[in-house]
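This report concerns the fold and the packing of one protein chain. Please consult the sequence and the structure shown here while reading.

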Amino acid sequence: MHAVKSLVPLVIVVFFAIPTLAQDAISAKVSTLHHSEKSKIRKPLYEFLSTWNTTAPQLRPAEKAIAAKKKENRQKGKDPLSGTKKLQENYEELVFMDGTERSFIAESFALPMQRELEVKGASLEAEDIYAVHYITKFVLGVPRFNHGELDINDLDQIDSELAKLIETYPDNDAHNQEVDGHVIDVFREEAQAFYESYVAKNRAQYKKGKGAKGSELTSMNCGEKYKLLKDQGIMH
């Protein structure tokens, strides 16, 4: 009986050590990538993700507009909130749109990719693991990771946060891009195809004095963008 009791703490230690060792192995593999390699991976991913999340850059200016109006009111001795109703409504609408766009990315890509990472772990290529980390930070917000609120290697925490985002903004027109158990490869292929079709070619178009392809995407919601890019063979 005493021997059985003595084994309990050991079992507990091993139980918690296995996930930790797996996370350490994943982190160690990503660390083998040189900065230039990470930069090369990031470029098409950033352009692709930014296409789905076009509202994010509008949030900060909207915040500043509200703050500026409040400051102006104080200087004039008025109620700080005077004349801010429309500005506040605009900001809240942008927050909702941003959340919906990030929820689309989370449900279509990030959460399925995270689950593939959980299954395959360090057997994945370092480039693939880095792609998962990159999209996760993009969706959940880089500052939350930089400030220590979130840990990219805590798979349970990341799963929970992504699920929470999707639950908060459920009507997001998401299309799970998983194909035969693979989604990381699919995501990277789609990002590269988008980059080659919309970004790299645009540079040549600009040099020729022609308009940029893809400008119509900025006025579309995620569902409309998905349909257009699917029709073009970029999305699955």
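**Overall fold**

The model is predicted. The protein chain contains nine helices and zero strands, and its pattern along the sequence reads α-α-α-α-α-α-α-α-α. Of its 236 residues, 37% count as buried. Among contacts between residues at least 6 apart in sequence, 71% join residues at least 24 apart.

The table sets out the geometry of two packed pairs.

| Helix pair | Distance between axes | Angle | Handedness of crossing |
|---|---|---|---|
| α3 (residues 56-75) and α4 | within 9 Å | roughly 160° | left-handed |
| α5 (residues 126-140) and α7 (residues 155-168) | 11 Å | about 45° | left-handed |

The axes of α3 and α4 cross at roughly 160°, and α3 is therefore roughly antiparallel to α4, as the angle is over 145 degrees. On the α3 side, the contact is made by Ala56, Gln58, Leu59, Ala62, Glu63, Ala65, Ile66 and Lys69. The residues that α4 brings to this contact are Leu87, Gln88, Asn90, Tyr91, Leu94, Val95, Asp98 and Glu101. Sorted by class, the contact of α3 with α4 comprises nine nonpolar, three polar and four charged residues.

For the other pair, the angle of about 45° makes α5 and α7 oblique to each other. Here Thr136, Val139 and Leu140 in α5 meet Ile158, Glu161, Leu162 and Leu165 in α7. The residues of this contact divide into five nonpolar, one polar and one charged.

**Nonpolar cores**

In soluble globular proteins, nonpolar side chains tend to be buried together. In this model, the largest nonpolar core has 50 residues. Within this core, the residues with the most contacts are Trp52, Ile105, Phe109, Ile135 and Val139. At least two residues of the core come from each of α1 (2-30), α2 (35-52), α4 (85-120), α5, α7, α8 (184-207) and α9 (222-231). Helix α5 gives the most, with 10 residues. Another core, of five residues, lies apart from this one and includes Leu59, Ala62, Ile66 and Leu94.

Which residues are in contact with Phe109, leaving aside its neighbours within four places in sequence? They are Phe48, Trp52, Phe104, Ile135, Gln177, Val183, Phe187, Glu190 and Met235. Of these, Trp52 and Ile135 are themselves among the residues with the most contacts inside the largest core.

Thr136 is located in helix α5. Is Thr136 buried or exposed? Its relative accessibility is 0%, and Thr136 therefore counts as buried. Leaving aside its neighbours within four places in sequence, Thr136 is in contact with Gln114, Phe145, Ile152 and Ile158. Ile158 belongs to the α7 side of the contact with α5.

Ala163 is found in helix α7. With a relative accessibility of 34%, Ala163 counts as partly exposed, because this value falls between the limits of 20% and 50%. Along the chain, Ala163 and Leu111 are 52 residues apart, and their C-alpha atoms are separated by 7.6 Å.

Notes. Residues are numbered from 1 along each chain as its sequence is written. This is a predicted model: local features need pLDDT of at least 70, side-chain atom pairs count only at pLDDT 80 or more; totals for chains, interfaces and linings use all residues. Side-chain values use heavy atoms; hydrogens and water are left out. Axes are lines fitted to C-alpha atoms, for helices over the stretch in contact, and angles run from 0 to 180 degrees between N-to-C directions. Helices (H or I, at least four residues) and strands (E, at least two) are DSSP runs, numbered from the N terminus. Angles under 35 degrees count as roughly parallel, over 145 as roughly antiparallel, 65 to 115 as roughly perpendicular and the rest as oblique. A crossing is left-handed if the near helix is turned anticlockwise from the far one by less than a right angle, and right-handed if clockwise. Contact means heavy atoms within 4.5 Å. Ala, Val, Leu, Ile, Met, Phe, Trp, Tyr, Cys and Pro count as nonpolar, Asp, Glu, Lys and Arg as charged, and the others, Gly among them, as polar. A nonpolar core is a set of buried Ala, Val, Leu, Ile, Met, Phe, Trp, Tyr and Cys residues joined through side-chain atoms within 4.5 Å. Buried means under 20% relative accessible area, exposed over 50%, partly exposed in between (1.4 Å probe, protein chains only).
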